[in-house]
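Subject: Model handover and findings

Hi,

Here is the structure for your set-up work. Please load it first, then read the notes below.

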Amino acid sequence: MANPNLTDMTEEDAADLQFPKDCSSSRTENIGHDVELVEVSVVKDEILTSDPMCYACKTNLREPYVRCAVCLGVELCPSCFSNGCEIGDHRNDHDYVVAKNEFELVDGSGWTAKQELELLNVVQECGFGNWVDVSKRIDGKSTEECKAHYLEHYVDNQTLPGLPRINETRASLFGCDPVPYCYKLHDLEEPPRFASDTLNCRMLAGYNAARSDFEVNFDNHAELLVSDLNYDQFDPGDSDEELGKSLQVAIVQAYNNRLKERKRRRKIIRDHGLIAIRRTMSWLQRYECTITRALAERLLIFMQLTGGMDFDYLMEGLHRVGELKNYINKLVDFRINGIRCFHSVSIFQKLSKLRQENERERKQYLNNPEYSWRSVLPDNVASSNVASMGHNIPQRRAAPPLVINGLPGYERLTSDEKLLCSVTRVVPASYLDYKHILIAENKKCGSLRLAQARVLLKIDVNKTRKIYDFLADEGYISKPN
């Protein structure tokens with residue numbers, strides 16, 4: 001391999017290129033008896049703006065690398081160049097160019113061509129003006145250096161040749177023609193200032209939007225701890241001075257802890273938007289048919305552990321699970337009624353709706369005294385029949401079973417509990433609360449009497465007896481001996 005002209009290269013470039021040690025300093029070719037010395041010259045450095053591919057090993061090239069000055073498009077990595085690769089018409093004695101970018105494009109700027117390329121790429125990725133992130137991705141350059149260099153050489157002066165010139169117009173600077181912002185002071189609405197005894201103030205829990213504070217804060221009397229502190233109460237040199245000062249410091253620390261708790265609760269209210277009570281209640285009503293109101297209210301305790309978006313994500317996930325459960329229950333109900341195809345569902349729903357309307361009309365017809373069988377009979381016959389059958393006619397008609405399918409808490413009931421709630425006309429959510437109350441009281445006392453259950457539930461005595469007997473038969477509670 002020919003010896004390159006080392007006068008145009010530095011020692012570092014030669015070391016990076018790893019020239020082969022087995023090649024002589026010159027190459028002789030014997031043509032007859034003539035000796036010809038062939039020298040390969042090094043052309044000046046070249047600016048490169050992208051990472052091409054090695055002509056021999058097909059790897060991405062990183063500066064410095066070698067480009068053949070004779071063959072068009074032949075670029076070699078230092079390893080292939082040091083091994084003297086010859087491909088096609090390319091020979092290892094051709095003139096070559098060392099492509100590198102470790103030089104300054106702008107004299108005296110202190111920025112190499114490689115850093116200039118990195119700056120342009122990083123500004124394009126991070127966005128103009130985000131100089132903090134730009135400086136983190138360029139080694140050895142601070143935020144102010146990146147900003148000053150870019151504005152000086154690419155925006156204000158454009159010292160580098162070939163940069164496009166941008167005509168500064170109002171449209172190019174602002175994107176569109178600027179529109180003046182017209183405002184009037186008397187058009188501005190003031191924040192609401194509700195009186196302390198009004199309904200709106202109670203709905204906002206006493207929150208004053210104009211002051212961004214509550215009329216009555218949490219732990220509103222916390223300041224009483226430090227209101228009577230006298231810091232000059234103990235004289236210097238007194239035997240109780242150290243103990244008294246420590247006690248005063250402990251009182252102030254207790255007061256600070258109560259202030260931290262107040263601040264923590266206000267942060268929870270602000271992060272989750274709990275100031276408007278009406279909106280919060282309507283938000284909870286959205287989950288009545290899926291999560292159920294009782295479970296949603298129990299989940300509110302996790303608001304102090306998560307942010308607003310995280311808690312909404314949790315509730316929406318449970319809401320979706322509840323919707324899927326309701327959909328599965330509806331499919332199971334269709335299957336029980338013999339529906340096997342989706343196109344039969346619409347016909348079944350129409351017939352079910354028609355049957356309910358007919359059943360409602362039939363009940364209204366039977367309850368109407370004008371269509372009673374007594375009005376058809378003569379007076380004497382009707383009175384005698386009523387007297388003879390009076391003991392067989394019930395004085396009060398029993399209420400029909402309650403339709404609880406789809407109500408909150410329905411999926412949490414067993415088959416026997418569903419039948420109990422339907423017969424006793426108790427909604428599933430209320431039954432679950434009654435069950436929890438009676439079981440807790442039974443664990444506390446060891447047993448539970450019917451009178452105690454009536455005091456705890458405070459509902460109809462017949463419903464209480466049925467629920468009490470059912471829980472006792474199922475083993476949830478125990479009757480006294």
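Predicted model: local features only at pLDDT ≥ 70, side-chain atom pairs only at ≥ 80, totals over all residues.

Helix 15 and helix 18 cross in a right-handed way. Residues are numbered from 1 along each chain as its sequence is written, and side-chain values use heavy atoms, with hydrogens and water left out.

**The helix 15 and helix 18 pair**

Two packed helices are described by the angle between their axes and the distance between the axes. For helix 15 (residues 415–424) and helix 18 (residues 461–474), the axes come within 10 Å and cross at roughly 165°. Helix 15 is therefore roughly antiparallel to helix 18. Some terms:
- Helices are DSSP runs (H or I, at least four residues), numbered from the N terminus.
- Axes are lines fitted to C-alpha atoms, for helices over the stretch in contact; angles run from 0 to 180 degrees between N-to-C directions.
- Roughly antiparallel means an angle over 145 degrees.

On the helix 15 side, the contact uses Asp416, Glu417, Leu420, Val423 and Thr424. They meet Lys463, Lys466, Ile467, Phe470 and Glu474 of helix 18. Contact means heavy atoms within 4.5 Å. By class, this contact has four nonpolar, one polar and five charged residues. Nonpolar covers Ala, Val, Leu, Ile, Met, Phe, Trp, Tyr, Cys and Pro; charged covers Asp, Glu, Lys and Arg; the others, Gly among them, are polar.

**Positive phi**

Most residues other than glycine have a negative phi. Arg425 has a positive one, about 60°, and is not a glycine. Arg425 sits in the loop between helix 15 and helix 16 (428–445). Its relative accessible area is 34%, so Arg425 is partly exposed. The cut-offs are under 20% for buried, over 50% for exposed and in between for partly exposed (1.4 Å probe, protein chains only).

Lys458 also has a positive phi, near 60°. Its place is the loop between helix 17 (450–457) and helix 18. With a relative accessible area of 71%, Lys458 is exposed. Gln158 follows helix 5, and its phi is positive, near 55°.

Helix 5 (residues 143–156) has 14 residues. Its first and last C-alpha are 18 Å apart, close to the 20 Å expected at 1.5 Å a residue. The expected span is 1.5 Å times one less than the number of residues. Cys146, His149, Tyr150, His153 and Tyr154 are the buried residues of helix 5. They pack against helix 3 (113–126) and helix 4 (131–136).

Helix 13 (residues 345–367) has 23 residues and should span 33 Å; its end C-alpha atoms are 33 Å apart, which agrees. Its buried residues are Val345, Phe348 and Ser352. These pack against helix 12 (308–336).

**Two single residues**

Thr292 lies in the loop between helix 10 (277–285) and helix 11 (293–299). At 4% relative accessibility, Thr292 counts as buried. Leaving aside neighbours within four places in sequence, Thr292 contacts Tyr287, Pro408, Gly409, Glu411 and Arg412.

Ile437 is in helix 16. At 36% relative accessibility, Ile437 counts as partly exposed. Ile437 and Leu457 are 20 residues apart in sequence and 8.0 Å apart in space, C-alpha to C-alpha.

Best wishes

Definitions and conventions:
Helix = DSSP H or I, 4+ residues; strand = E, 2+ residues; numbered from the N terminus. Parallel < 35°, antiparallel > 145°, perpendicular 65-115°, else oblique. Left-handed = near helix turned anticlockwise from the far one by under 90°.
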